[in-house]
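Dear colleague,

I am passing a structure on to you with this message, and my notes on it follow directly below. Please read them with the structure open beside you.

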Amino acid sequence: MPSPYRAIFGRPGTKSFSAAGLLGRMPLSMMSIGVVTMVSQLTGRYGLAGALSATLALSAAVLGPQISRLVDRHGQSRVLRPATLVSIAAVAGLLLSAQQRWPDWILFVFAAGAGCVPSIGSMIRARWAEIYRGSPRELHTAYAWESIVDETCFIFGPILSIGLSTAWFPEAGPLLAAGFLAVGVFWLTAQRATEPVPHPHELHPKGSALRSRGLQVLVVTFVAIGAIFGAIDVVTVAFAEEVGHKAAASLVLAVYALGSCAAGAVFGLLHLKAHPSRRFVVGICAIAVSMVPLQLVGSLPLLAVALFLAGLSIAPTMVTTMALVEEHVPRAKLTEGMSWTSTGLAVGVALGASAAGWVVDAAGAARGYLVPGAAGVLGALVAFAGYRRLRPQPAPSVPGPVASGSPSGQGGTAPQPHSEESVA
């Protein structure tokens with residue numbers, strides 16, 4: 001492990017909560033694709049599979065920030081366990097209803113309940129932010145490390161979920177994902193020493209973290225990015241099935257995550273001077289451009305190469321996003337603010353998975369890659385339009401005595417933008 005990554009684990013408890021976060025985040029890459037694989041195996045209906053995946057993602061988008069808001073007020077240990085038990089019970093109902101071929105509406109009810117899942121990535125990043133507050137270099141590396149962990153989940157999660165569901169029984173992938181969630185959450189909440197101090201209601205700023213104009217730009221942009229992720233998952237499974245190698249979809253999606261993981265590892269070693277707002281816009285544009293080769297592929301090997309290249313821009317953009325969230329959101333609402341970006345992704349995944357499922361059913365898998373292409377263009381447009389909201393705001397000038405020789409007749413120094421050192 002390079003020295004900057006080794007250094008951040010010098011604080012007590014960091015290795016344990018990061019490992020728990022790895023297990024707790026495995027469902028992020030396993031549950032949605034597992035539901036798509038399970039339903040397509042049992043019914044052959046990609047439209048239904050995409051719609052159920054979308055329902056689960058939308059539910060998580062609605063409930064996730066509310067759970068995180070409660071965490072900011074009451075602490076991780078008091079909130080995460082009950083929420084996780086609700087989610088696991090709903091997953092069990094979804095698997096049972098799918099296996100018993102119950103009516104579709106029952107599937108949707110349980111899929112909505114399964115969305116009551118905590119944003120584990122936000123919980124882990126909040127712990128890092130508490131430990132390294134005031135140390136932007138270390139916090140940058142910690143966020144990069146967690147992006148590597150995210151992509152590790154996306155490398156192995158689809159392989160496990162799709163592989164087990166196709167080789168063992170259709171419900172195996174989502175079932176294992178629920179097991180990972182239970183172990184990860186209960187292990188994490190047992191670690192009280194590194195848990196961020198909750199902010200009681202009377203000390204909590206009024207309103208939602210989403211009132212921040214900068215956060216609004218990040219969330220809307222992430223809706224488009226989430227649509228890319230959701231569509232690629234569904235279309236890749238369908239594409240692999242069309243060419244006669246459905247199980248290979250997990251390997252191809254793992255290559256996509258591998259590209260992001262490699263880029264994230266390198267990005268964490270860099271000490272960049274430019275403000276994160278610029279890096280964010282560049283990263284979103286790079287993601288959009290990387291969707292172009294997907295429109296041209298005709299085989300699984302070429303698809304794997306195209307997805308690896310597409311993955312190179314993901315982790316650096318995610319790391320930059322977390323730095324912007326910390327800059328634009330009050331400390332007492334940090335977990336909620338981070339969860340709102342996850343909500344944007346979840347909404348996008350829902351829309352992208354649903355749209356891609358219908359396109360695949362109507363026109364075939366190759367045409368399905370038009371969905372992530374269109375989402376990439378939309379994300380770039382939103383990032384450009386919102387760039388001014390993400391830029392550092394000038395500090396208010398302090399009235400002072402009139403300085404001689406000042407053309408305006410006012411003294412004092414000109415407003416200065418926030419230093420790069422003030423953000424992670």
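The lining of the largest cavity comprises 29 nonpolar, 16 polar and 5 charged residues, where Ala, Val, Leu, Ile, Met, Phe, Trp, Tyr, Cys and Pro count as nonpolar, Asp, Glu, Lys and Arg as charged, and the others, Gly among them, as polar. This is a predicted model, in which local features need pLDDT of at least 70 and side-chain atom pairs count only at pLDDT 80 or more, while totals for chains, interfaces and linings use all residues. Residues are numbered from 1 along each chain as its sequence is written, and side-chain values use heavy atoms, with hydrogens and water left out.

Of the 50 lining residues, Leu28, Ser29, Phe154, Ser342 and Leu345 lie nearest the centre of this cavity (a cavity is a set of points on a 1 Å grid over the protein atoms alone where a 1.4 Å probe fits but cannot get out, and lining residues have an atom within 4 Å of a point). Its volume is about 1100 Å³, taken as the space filled by probe spheres set on the points, which are joined across faces, edges and corners. Domain 1 (1-197) and domain 2 (209-390) each contribute at least three residues to the lining, the bounds coming from an automatic or database domain assignment.

The search of the whole structure finds 4 cavities of 30 Å³ or more.

Kind regards

Note on methods: On a 1 Å grid over the protein atoms alone, a cavity is a set of points where a 1.4 Å probe fits but cannot get out, and a pocket is an open set with protein on both sides within 12 Å along at least five of seven lines; lining residues have an atom within 4 Å of a point.
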